[in-house]
Amino acid sequence: MRHSGRFDADLVIAGAGGAGLSALWQVLHSSAAHRRIIVIDQELEPGDRRTWSFWGDDRTPFAHLSDRRWDRLEVRFPGWRRTDPLGTHAGGRRSYMRVRQRDYDRAVLDLASDRSNVRFLEQSVVGIRDDRDGGVVVLPDGEVRAPVVFQSMRLAPSDREAPVRHPLRQHFAGWEVRTERPIFEPDVVTLMDFDTDQHDGIAFFYVLPEAPDRALVEHTMFSVRPRSASFHGDHVARRLDQMGAGQIDVVRTEHGSIPMEDRPLGQRWGDHVWNLGTVGGMTKPTTGYTFQRIHAQTRHLVAAWAAGGVPAPLPPSPARYRFADRTLLNVLHHRPEHGRAIFDRLFRSSSVDDVLTFLDERSTLAADARMLARLPWPPFLRAAASELGRGATTSITRPVRIAPAS
């Protein structure tokens, strides 16, 4: 692919978070690894602010960077708990894995550090726009242009203006702790522990154990109104006290807020700018899981770009999963008091492994029917009717193009 001198690079990646570095990793493993690349972010040192957890096998992207794996997961509700092993699937034995940001960042940045064709700019991004012949990233002291820009920093203008019917957030804070007493099961991840006050949404604890006296303990909520880090931290402290932790040493903290909403976010900003990660719609709206969806998107876009073609959006999830997501968001938005009961019924009737397969959007119709048949129907029927009505209204009001008479 040849371009004139008015371009500063063949590709600009604006944002060096999980999505931007995923795109860079894909480029450096493609046939276009020699092309001119510019990566822009206000901070380009490996960070340690977050961890990513996901499930898969050895072929799963970035599984080789995981520093801890588990093959048993549990869920807890008032009065009962369930612990299940993860099963064997088409790719092999599945496990639950954790990748630390510091290891992920370092692996990608180290790979790029000795490539003379990769240039890093440690600057803030003031703006992004799509011009007639390329994408433009505006910096405090100038502009950077390329035929293609991948950006993960801000919503596209059309997405910012789109209405949000279910403006939920997943907000959380986690403490990585060492405890005076051994209180954790090192081989079992607590995926969801709902044995806690639900407040104005749904709330649960999440525990990633490393040893009997070491774990990441996180308090998470789904609600319209995000809560502060101190609110979540107070709940973590109380739970550790209830577990008999004794003296605790907080090694590291995490805090975040992830949009869980029905607004569809486009992967395409314009003809030359593409949206990656959360701003490109890669966060699953009912769970917040993003990590593996990001890699699927960047692999798809980079493959087309490296082949010399125009990238096309990653195909959307099958319609039944998108409808299920919207319906659950509807329930959690308008009737959050049903949230814990829904998850209670879900895990009473389905193994943790089956639920993960559903969240992966790889389940069969028969398995979906068995799982959904056991959920509490009244709130879902009302929500489903509302979402179906919304779809019908959208179809009726969508502008119709009429071809000119020949």
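Hello everyone. Before we start, please keep in mind that this is a predicted model, where local features need pLDDT of at least 70, side-chain atom pairs count only at pLDDT 80 or more, and totals for chains, interfaces and linings use all residues. Residues are numbered from 1 along each chain as its sequence is written, and side-chain values use heavy atoms, with hydrogens and water left out.

Let's begin with charge. Side chains of opposite charge can pair when their charged atoms come close. By a salt bridge I mean a side-chain nitrogen of Lys or Arg within 4 Å of a carboxyl oxygen of Asp or Glu. How many salt bridges does the structure hold? There are 38.

Take Asp67 and Arg100 to begin with. They form a salt bridge, with the closest N and O atoms 3.0 Å apart. Asp67 sits in the loop between strand 3 (51-56) and strand 4 (68-70), while Arg100 belongs to strand 9 (residues 95-100), so this pair links distant parts of the chain, 33 residues apart. When I say strand or helix, I mean DSSP runs numbered from the N terminus: helices are H or I with at least four residues, strands are E with at least two.

Is Arg100 buried or exposed? Arg100 is buried, at 4% relative accessible area, and Asp67 is partly exposed, at 34%. Here buried means under 20% relative accessible area, exposed means over 50%, and partly exposed is in between, using a 1.4 Å probe and protein chains only.

Next come Asp360 and Arg94, another salt bridge, whose closest N and O atoms are 3.4 Å apart. Asp360 lies in the loop between helix 8 (352-359) and helix 9 (365-373), and Arg94 in the loop between strand 8 (92-93) and strand 9, so the pair ties together parts 266 residues apart in sequence. Arg94 is buried at 7%, whereas Asp360 is partly exposed at 27%.

Asp131 and Arg129 also meet in a salt bridge, at 3.1 Å from N to O. Asp131 is partly exposed at 22%, and Arg129 is partly exposed at 30%.

Some bridges join up, too: Asp67 and Arg100 are in a salt-bridge network with Arg98, Glu176, Glu210, Arg252 and Glu254.

Finally, where is Thr196? Look in the loop between strand 16 (188-193) and strand 17 (202-211). Thr196 is buried, at 14% relative accessibility. Leaving aside residues up to four places away in sequence, Thr196 touches Ala203, Phe204, Phe205, His235, Arg239 and Arg340, where contact means heavy atoms within 4.5 Å.
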